[in-house]
Structure formats: structure tokens, C-alpha cells
Amino acid sequence: MKILTVGVFDGLHAGHVRYLKAARKLGEAKIGADADESVELIVVLAVDEVVDKGPGRPVFKYDDRRAALLALTCVDRVVENATTNTVTHIIDERAALYVRGDEYDGALERLQGAAHDDYARDLNACDTVGTEVAFVKTMLGYASSTDIARRTVIPANAAETVGAIRDKY
């Protein structure tokens with residue numbers, strides 16, 4: 001049974017790991033004791049050029065994010081995504097499950113603009129190929145954006161310091 005999930009996974013953290021393990025467990029629960037079927041968790045990973053998380057993101061380049069994901073025993077395969085939606089992957093893989101974090105449950109009513117349109121395209125593709133959409137509870141307190149912002153402290157005199165370094169060297 002193929003399970004498809006999607007993301008940037010910039011700054012892989014415990015929240016990501018728990019999310020991916022939970023996505024895999026959804027598939028394992030669906031097949032139950034059926035020894036003839038196995039679970040394959042496929043992560044559709046955004047390439048650097050389509051990451052829209054703010055300036056300086058992603059912090060970790062695609063190859064590094066891919067390597068970190070493949071190091072997890074719960075992840076079987078990582079595929080490159082060069083668009084802002086996953087329609088092609090949903091259609092090509094024909095996964096039994098398309099898993100997102102629970103922040104996407106009912107998200108069409110909350111999302112606006114391109115984010116709304118991309119997610120709507122994903123859901124329509126799932127409907128077209130018969131892929132079930134499922135949601136995994138995300139952990140509060142884990143967000144790469146917040147974590148990276150905490151670690152990126154720019155001193156008040158940064159421009160002055162950079163200017164002095166440039167002048168000296």
C-alpha cells in the first residue's frame with residue numbers, strides 16, 4: 001500500500017519524525033494483518049526553487065533534506081517536487097492514502113490565493129484516482145519556521161559589522 005505525503009521538511013525535527021511515523025501507521029492499520037501487502041511511505045519533497053517559507057529558506061538544501069528523510073526507517077522513498085502542488089505525483093503514484101497534517105483538515109475554507117488553488121488541485125487529483133485523504137495530528141510547539149527564527153538572531157549593529165568587514169577585506 002502506497003502512502004503519499006508532501007512537505008519541505010526544512011530543519012527536520014521531532015514533530016516531522018512523529019508526523020511521518022503516524023502517516024506510515026495509518027497505512028499499517030489499513031492493511032492490518034494482511035501479510036501479502038506492505039506499506040511504502042513516499043515523501044514528495046519540494047525542491048529549493050519552489051519553497052515559499054520566507055527569505056533565506058530553505059535553510060537546508062534539497063539534497064540535505066532528502067538525505068535526512070531517507071535516514072528515517074519510516075520513509076521508503078523521496079520524490080522531487082518542482083511545483084507548488086502534488087497533482088502529478090498523486091496521479092502517477094496512485095497511492096491508497098494521501099496524508100497531510102491536521103491543519104489541512106477543512107483547510108479549503110481557510111486558505112486563500114495560490115495555497116487554496118494548489119490544495120484544491122491536490123484534493124481533486126485524489127478524488128480522480130481514488131486516493132483517500134487522511135490527516136495526522138500535528139504536534140504543537142514544533143515548526144521549522146519558528147525554530148529557525150529562534151536560531152537566527154541578527155544583532156542590531158549587523159549592517160555596521162558587515163560594512164566594517166567589507167571595508168577591511
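Where is Ala120 found? Ala120 sits in helix H4, which covers residues 113-129. Keep in mind that we are looking at a predicted model.

Let me stay with Ala120 for a moment. Is Ala120 buried or exposed? Ala120 counts as buried, because its relative accessibility is 17% and the cut-off for buried is under 20%. Now look for Ala107. Ala107 and Ala120 are 13 residues apart along the chain. Their C-alpha atoms are separated by 9.4 Å.

Now the overall layout. The chain has 169 residues, and 38% of them count as buried. How many helices and strands are there? There are six helices and five strands. Start at the N terminus and read along. The order is β-α-β-α-β-α-β-α-β-α-α.

Next, the core. The largest nonpolar core holds 22 residues. Which of them touch the most other members? Those are Leu20, Leu69, Val75 and Val99.

Where is it? Val75 lies in the loop between H2 and S3. Val75 has a relative accessible area of 6%, so it is buried. Then find Lys21. Val75 and Lys21 are 54 residues apart along the chain.

Pro58 is in the loop between S2 and H2. Pro58 is buried too, because its relative accessible area is 5%. Pro58 and Phe9 are 49 residues apart in sequence. From C-alpha to C-alpha, they are 8.9 Å apart in space.

On to charges. How many salt bridges does the structure hold? It holds eight.

Begin inside a helix. The side chains of Arg24 and Glu28 meet in a salt bridge, at 3.3 Å from N to O. Both residues lie in helix H1. They are four residues apart, which is about one turn of the helix. Are the two partners buried or exposed? Arg24 is buried, because its relative accessible area is 16%. Glu28 is partly exposed, because its relative accessible area is 37%.

Now move to Arg77. Its side chain meets that of Glu40 in a salt bridge, at 2.9 Å from N to O. This pair links distant parts of the chain. Arg77 is in strand S3, residues 77-81, and Glu40 is in strand S2. The two are 37 residues apart. Arg77 has 26% relative accessibility, so it counts as partly exposed. Glu40 has 23%, so it counts as partly exposed as well.

Arg77 has another partner. Arg77 also forms a salt bridge with Glu93. Here the closest N and O atoms are 3.0 Å apart. Again, the pair links distant parts of the chain. Arg77 is in strand S3, while Glu93 is in helix H3, residues 87-93. They are 16 residues apart. Glu93 counts as buried, because its relative accessibility is 13%.

Which residues do these shared partners join into one network? The network is made of Lys2, Glu40, Arg77 and Glu93. Find Arg77 on the structure and trace its bridges to Glu40 and to Glu93.

Last stop, the surface. Which residues form a negative surface patch? Glu49, Asp63, Asp64 and Glu80 form it. Look at Asp64. Asp64 has its place in helix H2, residues 62-70. Asp64 counts as partly exposed, because its relative accessibility is 48%.

A quick recap before questions. Thank you.

Key: Residues are numbered from 1 along each chain as its sequence is written. This is a predicted model: local features need pLDDT of at least 70, side-chain atom pairs count only at pLDDT 80 or more; totals for chains, interfaces and linings use all residues. Side-chain values use heavy atoms; hydrogens and water are left out. Patches are made of residues with over 30% relative accessible area and no salt bridge: like charges are joined within 9 Å, nonpolar side chains (Val, Leu, Ile, Met, Phe, Trp, Tyr) within 5 Å. Accessible areas come from the Shrake-Rupley method with a 1.4 Å probe; for residues, only the protein chains shown count as cover. A salt bridge is a side-chain nitrogen of Lys or Arg within 4 Å of a carboxyl oxygen of Asp or Glu. Lys and Arg count as positive and Asp and Glu as negative; His and the chain ends are not counted. The place of a charge is taken as NZ of Lys, CZ of Arg, CG of Asp or CD of Glu. Buried means under 20% relative accessible area, exposed over 50%, partly exposed in between (1.4 Å probe, protein chains only). A nonpolar core is a set of buried Ala, Val, Leu, Ile, Met, Phe, Trp, Tyr and Cys residues joined through side-chain atoms within 4.5 Å.
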